[in-house]
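Welcome! Let us take a short walk through the helices and charged pairs of the chain shown here.

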Amino acid sequence: MKPFFSAALAALLATAGAAQAQTNACVTRAEAEALVLFVAPDLIRQTGQRCAAALPATALLRQTSGALLSKYEAESERAWPEARKALLKIAGPDVSQMLDSAFAKPMIGALVAPLVTGDLKAKDCPTVERALTLVQPLPARNTAALLVLFAQADAASPRPMMRLPVCPAGKE
């Protein structure tokens, strides 16, 4: 199974990948965490929709409201300024006007979530549900920090799956 969170981070940057490759831009750890936080509510909802037939109605992923989504929605809104900075670094200044638009925030999550969940197989849904259940007690910021830590560790592997351009320590 392609790790769900790896796919989430890769898709998050898919729209800006070409520009990033040309500029070799990187984002700080805090900016990367903000990107994860910003798209988290849309990712949870979209994953729940994709997994609806494979999970019981009581599964966290299938909940359309409640404490879990509220926690991530609150953090998503607070994360936007740093997430916007990260997107500007990755995509370049040409996207600045688009990111200032009132349509940018809802559009980013709406575009990223289906990209992330598109390859999700029904057989993988219980694993994703378990991962969400395990991180549920954590503050949203801690979960985002863990995902960025995994991305940093993955970047050092011979065949990295995550494409989150986090700056190396000391080069932020």
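A helix here is a DSSP run of H or I with at least four residues, numbered from the N terminus. With that in hand, keep in mind that this is a predicted model.

Arg29 counts as partly exposed because its relative accessibility is 44%. As a whole, α3 is mostly covered, with 16 of its 22 residues buried. Along the way, α3 bends by about 45° at Ala40, with Pro41 following within four residues.

The largest nonpolar core has 43 residues, and Tyr72 is one of those with the most contacts inside it. Of this core, α3 supplies the largest share, 10 residues.

Now for some of the salt bridges:

| Pair | Closest N to O distance |
|---|---|
| Glu75 and Arg78 | 2.9 Å |

Glu75 and Arg78 are both in helix α4, three residues apart. Glu75 is buried because its relative accessibility is 12%, whereas Arg78 is exposed at 51%. Together with Arg141, Glu75 and Arg78 are linked in a network of salt bridges.

Definitions and conventions: Residues are numbered from 1 along each chain as its sequence is written. This is a predicted model: local features need pLDDT of at least 70, side-chain atom pairs count only at pLDDT 80 or more; totals for chains, interfaces and linings use all residues. Side-chain values use heavy atoms; hydrogens and water are left out. A nonpolar core is a set of buried Ala, Val, Leu, Ile, Met, Phe, Trp, Tyr and Cys residues joined through side-chain atoms within 4.5 Å. Buried means under 20% relative accessible area, exposed over 50%, partly exposed in between (1.4 Å probe, protein chains only). Helices (H or I, at least four residues) and strands (E, at least two) are DSSP runs, numbered from the N terminus. The bend at a residue is the angle between axes fitted to the seven residues ending there and the seven starting there. A salt bridge is a side-chain nitrogen of Lys or Arg within 4 Å of a carboxyl oxygen of Asp or Glu.
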